[in-house]
Amino acid sequence: MQTLLQRAWEVAREGVLIHEEARVIYLNPAAAELLEVEPDKVVGRSLLLALRDHKLEALARGGGEATLETRNRTLWVRAVPGVLLLWDRTEEKNRLEALEESSRVLAHEFRTPVAGMLSLLEALQGGLHGAQAQEALQMLYQETQRLRRLVEDLPLNRRPSQNRTFVLEELQSRLERFLAPQLAQKSAWIRWQMPHTVWANPDAVYQALLNLLDNAIKYGTGSEILVLSGQNKDGVWLEVRNQGQPLTDFEHLFKAGQRGMHAANVRGTGLGLALVRRLAAGWGGTAYGRALENGNAFGLTFPICSGAAPQLSDNTSRSIT
Amino acid sequence: MREVLDRELNQLTEETIRMISLVREMVEKSARALGAQDPQLAQEVIAQDAQVDAMELDIESKTIAIMARQALVASDLRFAFTIIKALTDLERAGDYAAHVAEDVVILAKEPPLKNYVTLPDMGRRLTHMLDLVSKAIAERDLEAAREVFQRDDEINALYEEVSRELLTYMMEDPRTITKALTLGRVARSYERLGDHLENISERIIYWLTGKMEKKPEDVF
């Protein structure tokens, strides 16, 4: 029986270390791996020399359970008299961190639209009447529907594509009215020139533009923000251009958690542009940034799709490098 | 007689391992506090520094007592000197972890300059170096001691990277200077901490081989 038990421990995934009078008597291969020790160098020697961690040693001596960070791993440890059991929980911890990241992304996606909806509700509460009230209600309805679709799309984007052909101008009035309070606060306005037709999910394009415009309002220094679309041989591009100090390194801003140097005193998560890039990838396009003479442009591209070729309707074509 | 000496030297080893483990905890917490901008966790690190200082004095006096009583020779004598020298470096390493924690308390008062990624990564790499130092002493592992050299090169490279990045921030926007200088101090603390761990490794190699090994760039 004893031999069988020992053989079982030799192949177990959990680590087990047996000690007596603060000396190691036995440890199985899993424990040796988790503790990064060589069994022949620690068996018969003091417990601390095998564990090499004062908290782990205290637990082994005093008994109990704990999660500890050691050897770049997260270990869940249970100590009973003479026995220390070890489980590697590193992957579980990493999964939890990924989940927390998803929650932060979700919060970011909801923050801007909810702030806009709140402004509309306050306007209604303040006595908006007639056609204006109807318009505000219609916008609130549309925005609620959009957020509902956003939530439905969350489970790993496995739903059928929501892409369709639409004119970018479709999004203009909703965006402008939605951002009106923020624009008024900064005494800024948006000049729209986006007559092109694209094949994409309108909700995703709306969300991406909302993020880009939100950034332009927050970090731009001038009053005017230009939203401009154009076309080249690869498809349609759409840019949000604002005035301000030209940036130098755009790529790192598209990584989650990175913020621009001028963002130090403005609240934000550094997730916006990473999300914009992910949204653009969803319709097969890209997101990019580039410096202008007196400002910066953040843009989206829409590939030419067999389903709906983009239409040429202006002369603002240029290449994007 | 030899048995008594072995027991005393083993006790010395254990207490040194315990001190390394405490410094490791401080470094690990400092990196976590920096990443999460957590001033409370940083305060814990600052408080632990006094424990490390007390351990240094305690182990030092025990080592001197053994040296005086046992008239050590050869590798035993080299071991005792290794411990004496390592204590100073470990105490300084604890100080640097506490300095980082003090800077985290300052940084946490305002929105971050950016999402701190590289600096906590430096801290995590240093905890791994401390694991290697601990293994080298506990298992008399020469390779683990030599690996610390290599890891310190990585810390130095990250330090250069962070310094260059911070310089860019300061040049492009003078409003970031105060914050960037504080972050520069954090990077410098971690870089110096790595140097102290390298010193300990040099001593461990001397203890185990009787020869002093230095990195090529440290030999003039």
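## Contact between chains A and B

In this predicted model, chain B brings 32 residues to the contact and chain A brings 29 residues. The size of an interface is often given as the accessible area lost when the parts come together. Here, about 2700 Å² is buried between chain B and chain A. Carbon and sulfur atoms give 43% of that area.

## Polar and charged pairs

Three salt bridges are counted between chain B and chain A. One links the side chains of Arg52(A) and Glu139(B), at 3.1 Å from N to O.

## The chain B side

Three helices of chain B give two or more residues to the side that touches chain A. They are H1 (2-36), H4 (118-138) and H5 (142-172). H1(B) gives the most, with 10 residues.

What is the make-up by class of the side of chain B that touches chain A? This side has 16 charged residues, eight polar residues and eight nonpolar residues.

## His19 in chain A

His19(A) lies in strand S1 of chain A, which covers residues 15-20. Is His19(A) buried or exposed? His19(A) has a relative accessible area of 11%. The cut-off for buried is under 20%, so His19(A) counts as buried.

Leaving aside residues up to four places away in sequence, His19(A) touches Val24(A), Ile25(A), Leu47(A), Ala60(A), Gly82(A) and Val83(A).

Definitions and conventions: Residues are numbered from 1 along each chain as its sequence is written. Chains are lettered from A and ligands numbered from 1 in the order in which they are written. This is a predicted model: local features need pLDDT of at least 70, side-chain atom pairs count only at pLDDT 80 or more; totals for chains, interfaces and linings use all residues. Side-chain values use heavy atoms; hydrogens and water are left out. Contact means heavy atoms within 4.5 Å. Buried area is the accessible area (1.4 Å probe) that two parts lose on being put together, summed over both. A salt bridge is a side-chain nitrogen of Lys or Arg within 4 Å of a carboxyl oxygen of Asp or Glu. Helices (H or I, at least four residues) and strands (E, at least two) are DSSP runs, numbered from the N terminus. Ala, Val, Leu, Ile, Met, Phe, Trp, Tyr, Cys and Pro count as nonpolar, Asp, Glu, Lys and Arg as charged, and the others, Gly among them, as polar. Buried means under 20% relative accessible area, exposed over 50%, partly exposed in between (1.4 Å probe, protein chains only).
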